[in-house]
Amino acid sequence: MTSDASIWPGPLTALCKMVRCLTMKQPHPALTVIHAQRSTHGDFTPEPLPEVDLTTILEAACRAPSASNRQAWSVIVVEDHAVMKELLGYQAAAALVFCNDTTRLDDLAQALGTDYPLNPTSRLTTGIFDVGCAAQNAALAATALGWGTLFTNGLHRGDVRRAWRILGLPERHCLPVIALLLGRPAHEGRPKMRWSGPGLVHRSTYQRMKPEQIQEHIEALDRCDQGFCADNDDHAARGFAHRIEAYFAGAGRGGPAHDLHHPHPLDLVLVETGFTWKA
Amino acid sequence: MDNPTLATLHAVHSTHGNFSDTPVSSDDLEAILAASVRAPNAGNAQNYAIIVSQDPALMKEVCGFQAPVMLVYCVDTQRNKDLAQHLGLAYGCDPAWMLVTGVTDTALAAQNAVVAARGLGIDSLISNGVQRGDVRRFWRLLDLPPANCFPVLAVFLGYATATPEHRKGRLADGGVIHRGRYQQRDAVACERILAETDAEAFGASVFADWRAKGHAHYLEAFFKGPGGRAATMYGNLAPALRASGIDIRSCEVAHGT
């Protein structure tokens, strides 16, 4: 009996696996890539990004949808490591700096003897959608090709105006929004968890979370074993009961509460570069 | 294209209102939502909300057309403010940061949704129509929190009654891609871009008839048409942003205060 039984489990398991493979719906490769995308936090190897892959990534970015197909964005490809360090504080094989940019359309309108009088609010928000769709396409293409990626909005911290000096950006109607670093990750990693429960995905209308849902949400974000935390998360060591508590207490990237007398540097830059509007 | 993901990225195209009645299965909808929330975002704080609607009457009121599913993407710091308050803390978000970073995060999530939909054979449209007209209607229709939450775009999902004849053209090198530093455009560069955008497929679905209407260039028709109207059609957006907490110096300057 024992010997007979020992013959079967292996082939049976293999057969079961094969049947399951044939009957289960396999996820589309694009979905697999979407779920595999993760942030490589600065630990890129020195391996360069081949021009053919860079071209493929840029082509995917350009294919992204944009309002009225006007592509109100531009991308600066940075491969100079010193420039990358000064601009973003990171080193990677390449950095793509995506800008909300209507200066191309301004120039084209002027060449046609007309103008492009955008509503300033729409210039900002719709331009950022165009940027976001293009940038995410670039990141998905890079992930599909096996490259590591990191999005950073570090351009908006510190001396925000350095991007104009370093990259020669037009003075008005061009705003660097987000940078995508590309390279070979030095270490394996896993994608961080995302919240998709109450408070984020709402059915039919917006529902404010009930106290018990808030508690559930806070506790879910503490589950480091499920990948909600960064690998170097130290909220417990720093005396915080919850990860999100540590985030709110300092790392909450929104910075200090709003004060019109001490505006965010980004706010001042929006004024200087023509993204102003009447409220 | 050998890589199926790259092929999917290149196959995404907009369906402009011609969605059939064929519903999107609930499995597919859940897969699209799961893909959408996977998108990278600042600090993994996910400062956005997605309102899922399958109510045709609501869609009609929101955007003037219908699809089996509408996803309204909102920048939303209210969720994290609620979490902070529950812990006896405050979540202070600078409004300029909230606007720029929040809109970026929603765009990345929305792009994931349309790519996932394409992978599943589902057609889509990303629309910024939620920013036009009486913007405050969303607070009424979708019960949005009065502050710290505002709608930025909608994604419509369904099956198109017809596929477009042309794949729309896109600018790349010499248009949107700059190597090393930004290259300013001279008259020659402008002429080259105008010629490129005059190509058959470029504006096909925006105005196929620009030549018949006597315009020298596709973009001339654009600037004199919807491009020109863009100055006025978003007039209600700034007051709505201000009401929802986007009260920043760049608003004040236009007032001269």
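**Briefing: chains A and B in contact**

The buried residues of α3(A) are covered by elements that include α7 of chain A, together with α1 (4-11), α2 (26-37) and α5 (95-119) of chain B. The model is predicted. In this model, 109 residues of chain A are in contact with 111 residues of chain B. Helix α7 (residues 120-144) of chain A gives the most to the side of chain A that touches chain B, with 16 residues.

**Interface make-up**

- The side of chain A that touches chain B has 62 nonpolar residues. It also has 34 polar and 13 charged residues.
- Strands pair across the two chains as well: β5 (residues 201-203) of chain A and β1 (residues 48-53) of chain B are joined by three bridges. These two strands run parallel.
- Val201(A) has Ile50(B) as its bridge partner in β1(B).

**Helix α3 of chain A**

- Helix α3 of chain A spans residues 29-36. Its buried residues are Ala30(A), Leu31(A), Val33(A) and Ile34(A).
- These residues cover an arc of only 160° around the axis, so they sit on the same side of α3(A).
- An α-helix has 3.6 residues a turn, so residues three or four places apart point the same way.

**A sheet built from both chains**

- Five strands form an open sheet with mixed pairing. The order is β3(A)-β4(A)-β2(A)-β1(A)-β5(B).
- The edges are β3 (148-152) of chain A and β5 (172-179) of chain B. Each has a single partner strand, so one side of each is left without a neighbour in the sheet.
- Neighbouring strands of this sheet are turned by 25° against each other on average, direction ignored.
- Within the sheet, β2 (residues 94-101) and β4 (residues 174-183) of chain A run antiparallel. Eight bridges join them.
- Asn100(A) stands opposite Leu175(A) in β4(A).

**Chain A overall**

- Chain A has eleven helices and five strands.
- Of its 279 residues, 48% are buried.
- Take the contacts in chain A between residues at least 6 apart in sequence: 75% of them join residues at least 24 apart.
- The domain assignment gives domain 1 (32-189) and domain 2 (192-253) for chain A. The C-alpha centres of these two domains lie 28 Å apart.

- Leu112(A) is in the loop between α6 (103-111) and α7 of chain A.
- Leu112(A) has 19 other C-beta atoms within 10 Å, so this residue is partly exposed. The cut-off for buried is 20 or more.
- Leaving aside residues up to four places away in sequence, Leu112(A) touches His217(B), Leu219(B), Glu220(B) and Phe223(B).
- Val77(A) is 35 residues from Leu112(A) along the chain. Their C-alpha atoms are separated by 29 Å.

**Two asparagines with positive phi**

- Most residues other than glycine have a negative phi.
- Asn69(A) has a positive phi of about 55° although it is not a glycine. Asn69(A) lies in the loop between α4 (51-63) and β1 (73-78) of chain A.
- Asn69(A) counts as buried because it has 20 C-beta neighbours inside 10 Å.
- Asn44(B) also has a positive phi, near 50°. Asn44(B) lies in the loop between α2 and β1 of chain B.
- Asn44(B) has 17 other C-beta atoms within 10 Å, so this residue is partly exposed.

Notes
Residues numbered from 1 in each chain as written. Chains lettered and ligands numbered in written order. Predicted model: local features only at pLDDT ≥ 70, side-chain atom pairs only at ≥ 80, totals over all residues. Contact = placed C-beta atoms within 7 Å. Helix = DSSP H or I, 4+ residues; strand = E, 2+ residues; numbered from the N terminus. Nonpolar A, V, L, I, M, F, W, Y, C, P; charged D, E, K, R; others polar. Pairing = 2+ DSSP bridges. Axes fitted to C-alpha atoms, helices over the stretch in contact; angles between N-to-C directions. Domains from an automatic or database assignment. Buried ≥ 20, exposed ≤ 12 C-beta atoms within 10 Å, placed from the backbone. Arc of directions from axis to C-beta.
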